[in-house]
Amino acid sequence: MFRTQEMEINMGPQHPSTHGVLRLKLRLDGERVVDSWPVIGYLHRGIEKLSESKEFIKITPFTDRMDYVCAMSGNLAYLGAVEKLCGIKVPEKAAYIRVIMVELNRIASHLLWLGTHALDIGAMSIFLYGFREREMILDLFEAYCGARLTYNAFRISGVPADLPPGWKEECTGFLKLFRQRHREYEQILTANRIWLKRTKDVGYMDAEHCLALSVTGPVLRAAGVARDLRKDEPYAIYDQLDFDIPVDDGCDTYARYIVRMAEMLQSVHMVEQCLEKMPSEGPLMGMKGRRMKPRKDEEIYFAIEGPRGEQGVYLISDGTDRPYRCKFRNSSFANLQALAPMVQGGLVADVVAIIGTLDIVLGDSDR
Amino acid sequence: MPTDDTKPPAGTPPPRETPPPAPKPPVKPPDPLLAVVSCPAPDRLREVLPGRVSEPHFFAGEVTLTVAPDHLLEVCQFLRHDPACSFELLADLTGTDFPDEEKRFRVVYHLASLRNGQRLRLRTQVGQEESLPSVTPVWPGANWFEREAFDLLGIQFDGHPRLVRILMPDDWVGHPLRKDYPLPGYPEHHLRYRTADITRRSYVDISWKATGERAADIVKKYKGNVGAPESAPHVPMPVDDTNGQETGS
């Protein structure tokens with residue numbers, strides 16, 4: 001007699017498909033997932049506690065270490081919050097440079113997502129192609145700020161340096177090349193039968209549930225909600241750029257793939273516009289000196305659209321140049337809540353696809 | 001003989017000095033950070049649920065309302081479902097420790113409305129021995145945010161489905177984001193995990209820099225509580241100083 005029995009297994013924290021140190025307790029009935037319980041915190045470094053003892057200016061490097069796949073966005077979210085708290089204006093040219101860097105980093109982040117997500121599902125070659133182009137973006141960042149992963153590229157009220165000579169041409173060349181390469185990715189995956197079978201109707205979550213679970217970013221846009229803070233609450237110079245919000249109403253893993261692929265092209269379009277419109281002369285820093293004097297006992301929340309969703313920073317000032325409280329609202333943390341309802345009732349093999357489609361970075365969620 | 005024309009003839013009264021105009025206080029332009037922004041939520045709340053929330057506070061284009069914990073759930077239900085407010089998204093929920101205040105924790109709810117393009121901050125105060133109603137019935141996404149606030153600050157939420165630690169280990173003692181929790185942590189907790197045994201490197205050395213105590217003293221001080229560290233003496237890792245070259249003949 002065969003007998004079925006529910007079984008509890010641990011996936012992670014060192015499973016290669018969990019993109020870091022996510023541990024997932026799964027209760028399985030055969031190959032079906034009955035229940036799951038994500039365990040996070042393996043990368044908790046106490047950045048919020050540390051920030052309370054540092055000056056505003058010294059917290060920027062921490063923000064690199066949270067979402068290390070898209071460190072520029074972390075920098076921009078934090079610095080935008082400090083600038084909002086202190087009422088500091090950013091010069092136009094600096095804002096353009098920031099947007100160029102952030103959008104390039106969004107492409108790099110999506111490329112890493114594409115490569116690892118496809119690799120988890122079983123497509124090897126796209127991983128190598130994606131990393132080839134990501135390498136070019138990292139080279140551009142290295143030429144600008146000297147770092148390839150933890151950039152710390154911006155300062156409060158501006159950027160420290162202009163684009164180096166020849167950088168614009170390099171960047172334009174890359175964007176032109178990337179448009180061709182993007183077509184290659186689409187050729188490999190978009191109509192691929194295996195890819196469709198592994199992603200269609202996997203990890204379904206509609207708009208209502210996404211919003212109820214505080215899920216934002218491409219996951220929400222793939223559920224048919226055109227929520228993008230770059231349009232809804234424009235910061236930096238996004239109101240001067242012409243771009244669309246890619247939306248799909250498939251609500252599944254494939255729809256998220258379509259949305260992220262389209263977002264990469266929109267980012268390319270944005271960087272091209274920035275390079276064209278950026279003023280050639282002008283100040284790079286809006287403020288002299290390093291002392292911040294925020295108003296006493298005020299609090300602000302500032303959010304940007306990161307590659308994974310709403311990336312917010314909440315600051316409370318006590319009138320000194322250190323924050324009384326510095327809370328990072330990271331999109332990976334909020335989006336991970338959607339994992340348990342998405343995997344419930346599905347197959348174990350789809351858990352890997354769903355972790356990939358949520359595009360989580362554990363450093364981002366654990367802080 | 002030249003006469004001094006400028007000198008007034010004797011007998012005439014000295015010209016009355018006109019008092020200088022009083023210095024006007026310099027007119028400061030209003031601080032753009034304190035500008036009032038339009039938001040329908042405070043007015044709607046005043047109409048429908050009078051007296052539940054405070055007057056709105058405006059700063060940097062953001063609206064803050066303070067609410068008492070007793071009315072929190074009612075106000076949240078209203079803000080979520082009222083068509084003029086319609087805050088579908090709980091963007092963030094977090095707490096802050098103010099140890100000098102009577103009610104120690106300040107909890108904020110950052111709400112966002114996609115339909116109306118509005119944001120709102122709800123704020124409430126809760127004491128160390130009190131608890132807040134959980135807003136998971138209104139926004140199920142509050143689940144992890146409330147777990148985080150419980151984990152790092154020790155705020156209790158009534159009605160939460162499973163209020164357990166999320167970022168710190170399950171058997172951790174204390175709540176690290178409280179202001180009275182020291183930044184290097186408590187050395188006895190480091191010893192409890194016996195990191196020294198595992199990594200052959202002592203975390204006590206880090207806290208020694210912060211507290212000024214020698215690692216050996218700390219070990220002695222806490223020896224009674226956590227077992228004898230002498231049983232696992234510090235053994236330096238064997239250093240390979242041959243630099244990769246073959247030794248011997």
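A salt bridge is a side-chain nitrogen of Lys or Arg within 4 Å of a carboxyl oxygen of Asp or Glu. Keep that in mind for the exercises below.

This is a predicted model, where local features need pLDDT of at least 70, side-chain atom pairs count only at pLDDT 80 or more, and totals for chains, interfaces and linings use all residues. Residues are numbered from 1 along each chain as its sequence is written, chains are lettered from A and ligands numbered from 1 in the order in which they are written, and side-chain values use heavy atoms, with hydrogens and water left out.

**Exercise 1. Work out which parts of chain B the salt bridge between B:Glu130 and B:Lys103 ties together.**

Step 1: Check the distance. The closest N and O atoms of B:Glu130 and B:Lys103 are 3.5 Å apart, and the two form a salt bridge.

Step 2: Find each partner. B:Glu130 sits in the loop between β5 and β6 (131–133) of chain B, and B:Lys103 in the loop between β3 (89–97) and β4 (105–113), so the pair links parts that are 27 residues apart in sequence. Strands here are DSSP runs (E, at least two residues), as are helices (H or I, at least four), numbered from the N terminus.

Step 3: Look at accessibility. Buried means under 20% relative accessible area, exposed over 50%, and partly exposed in between (1.4 Å probe, protein chains only). B:Glu130 is partly exposed at 35%, and B:Lys103 is partly exposed at 31%.

**Exercise 2. Describe how α2(A) and α3(A) pack.**

Step 1: Get the geometry. Helix α2 (residues 56–66) and helix α3 (residues 71–86) of chain A pack at about 155 degrees, with axes 8 Å apart. Axes are lines fitted to C-alpha atoms over the stretch in contact, and angles run from 0 to 180 degrees between N-to-C directions.

Step 2: Name the arrangement. α2(A) and α3(A) are therefore roughly antiparallel (angles over 145 degrees count as this).

Step 3: List some residues in contact (heavy atoms within 4.5 Å). Among them are A:Phe56 and A:Ile59 in α2(A), and A:Tyr78 and A:Leu79 in α3(A).

Definitions and conventions
Parallel < 35°, antiparallel > 145°, perpendicular 65-115°, else oblique.
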